[in-house]
Amino acid sequence: MRVGGIRAHSISWTDLPNHLLESIADRLDSIHRLRIRSVCKSWRSGLTSSRQRPPLRLPFPIQKRKRRGHFELVCCTVFCFQPLNNPADNSMIATRCWLIMTEDSQESGKLRLKDPLTHPAYSQILSPRLPKTLNLLDYRVFEIKKFYDLQFVGDENIMTEMDHSERLSARAEKIAVCSEGTRFAVMAIHGVGLLSIWKEGDPEWRSVVDNRCFHAYNDVIYHNGRFYAQDACGITISVDLSSESSAPVRLGMQTFGEMSLLSHRGDLFLVQPPFKRAGMIHNFQVYRLNEDDGEWVLVNSLGNRAIFVGDGSSFGVSAEECGGGCKMNCIYHIDRMHELGFGFIEIQPFEYVARFDMEDSSTKFLSRVLGSFGLFWPPPSWVLAWRI
Amino acid sequence: MSSSVEAITVLSSDGDEFKITVSAAKLSKPLNWMLEDVCFSDDCDEVPTIEVNSKTLVKVIEYCEKHAPRANSGASDSDAEELKKWDIEFMKMDVKDILFHILMAANYLHMEGLYDLACQTAADLMKGMTVSQIRKIFHIKNDFSSEEQEQLRRQHPGCSFD
């Protein structure tokens, strides 16, 4: 009788099965991991460059008494695709980059495609010609930004036992994640604009309180070692992870409306959407944080970057990342005022994205901008037509 | 299985016969299943083969026999301390010829304790070493072309390759 197994004759360390190599690398730090990957070809292909962490379990719910179950982080990533060769045909009307958001799926290796600004999932129905797989070697691909959300894992019936206020705490409106070296922390906006923080290893969330009587936060971001949260009155607070003091960042003027925070290439921006006041329409205002003085400074130009303001997902794109597919010094946003005009007819996200040009303060719907077709959805022809 | 059997005979992949006590064999899950399924009485003429070479199997059996009493009955702290010292001595072995095969055998025989020990030993050997030192210790040839080598250097400036 033979117990089927290994042939232990002429094999050596280069033949080490991947999971054994992983077991060894798990006992060492990430630098050693990189070194192991540099030893030989088979070790390089057998070991991923970063540790595959098991899903992190965050306490559930955010406030109120603890319940059975936990939160896990769901990651969405915005990518920018560019064709390897410039599309020869109709290059006048086709965009030269494609922005897409992907959400990790339970099935490994599968991703769900989403709209980067408004987040509904795209499906084959919307665009039956989309290839089932995208070969990343066929395109130039840049990762633009990662966004996270909290997902409840556990018995769904628990939701029915909760009262209204508890249910508000069972999901996050918006979260920001700090993952630097061994430090891992999450800041969440939940309920009616409340702010809580959780650090890896903590048994529960802690609420972030400052001494103002009213604060309803609507955006939160992690930037340069600090969390920043923006409230509806225009006050920004920043929270240093090590000291945990929250110091408000002053803003030069009183502001209105839901402002969005975004971080791009080392700069933190605050974007105020257009608003009407005393018969005057105020255009987009963009502020950049002066970190030394802790002050927002109004900027007149975005320089060599374009910014995208979405529902809870705002990001910046540089000229290099989009290969000339987006116009620099512009704010791409969803024009809600005009969206209403479409009534209940299902419209494609592309149709309500507008572009505000900082140069001449003009706003145009993307559908009217030559060379923008396919920036979001439906995808450009060089993605669709590739393998039909 | 018959309860009268205290030791079983197994064959290594080189065809050599080895005796292993039942309590020691129980440290391995597949061997344990085999004990439950197969009759090991004297009149049973078929001897199971374990796909591990003789040199390695001697060491594996040595480990099992040492650890079996503690695994089966539980041990005091002083025993555990002594066992740890024994493990360290036990793992002082040739990296190329034995350690690799011990690790593969521990994996194949589902022996948790030995597997952890072998992984930790390999990791300790890599700790603080440069890439070329790791190659030397584990007898691995650098099979990257000079262009690939250059690319690695650029990607991981923090790593030393020399």
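Helix α3 (residues 54-73) of chain B contributes four residues to the lining of the largest cavity, the most of any element. Helices here are DSSP runs of H or I with at least four residues, strands are E runs of at least two, and both are numbered from the N terminus. The model is a predicted one, in which local features need pLDDT of at least 70 and side-chain atom pairs count only at pLDDT 80 or more, while totals for chains, interfaces and linings use all residues. Residues are numbered from 1 along each chain as its sequence is written, chains are lettered from A and ligands numbered from 1 in the order in which they are written, and side-chain values use heavy atoms, with hydrogens and water left out.

Rolling a probe the size of a water molecule over the atoms shows where empty space is left. On a 1 Å grid over the protein atoms alone, a cavity is a set of points where a 1.4 Å probe fits but cannot get out, and lining residues have an atom within 4 Å of a point. Grid points are joined across faces, edges and corners, and a volume is the space filled by probe spheres set on the points. By this rule one cavity of 30 Å³ or more is found. The largest cavity holds about 50 Å³ of space. Its lining consists of V10(B), I20(B), L31(B), I50(B), L57(B), V60(B), I61(B), C64(B) and L109(B).

A nonpolar core is a set of buried Ala, Val, Leu, Ile, Met, Phe, Trp, Tyr and Cys residues joined through side-chain atoms within 4.5 Å. Buried stands for under 20% relative accessible area, exposed for over 50%, and partly exposed for values in between (1.4 Å probe, protein chains only). The largest core has 58 residues, and those touching the most other members are W13(A), L16(A), I24(A), W43(A), L103(B) and F138(B). Helix α5 (residues 95-108) of chain B gives the most to this core, namely 10 residues. With contact taken as heavy atoms within 4.5 Å, and leaving aside neighbours within four places in sequence, F138(B) meets W13(A), W43(A), V95(B), A122(B), L125(B) and M126(B). Another core, of 34 residues, lies apart from the largest one and includes M101(A), F315(A), C322(A) and C326(A).

Chain A as a whole can be summarised briefly. Its secondary structure comes to eight helices and 25 strands, and 49% of its 388 residues count as buried. Among contacts in chain A between residues at least 6 apart in sequence, 54% join residues at least 24 apart.

Two strands are said to pair if DSSP finds at least two bridges between them. Strand β21 (residues 305-309) of chain A is largely enclosed by the rest of the structure, because five of its five residues are buried. In a regular strand the side chains alternate between the two faces of the sheet. On β21(A), R305(A), I307(A) and V309(A) point one way, A306(A) and F308(A) point the other way, and all are buried.

Five bridges link β21(A) with β22(A) in the antiparallel sense, and R305(A) has S318(A) as its bridge partner in β22(A). These two strands form a hairpin with four residues between them, and G312(A) in the turn has a positive phi of about 75 degrees. By contrast, β21(A) and β23(A) run parallel and are joined by three bridges, with V309(A) opposite H333(A) in β23(A). Strand β23 (residues 330-334) of chain A then pairs with strand β24 (residues 353-357) of chain A in the antiparallel sense over five bridges; here I331(A) has F356(A) as its partner in β24(A).

A further antiparallel pair joins strand β8 (residues 183-190) of chain A to strand β9 (residues 194-199) of chain A over six bridges, and H190(A) stands opposite L194(A) in β9(A). Their hairpin has three residues between the strands, and G191(A) takes a positive phi near 60 degrees.

Notes: On a 1 Å grid over the protein atoms alone, a cavity is a set of points where a 1.4 Å probe fits but cannot get out, and a pocket is an open set with protein on both sides within 12 Å along at least five of seven lines; lining residues have an atom within 4 Å of a point.
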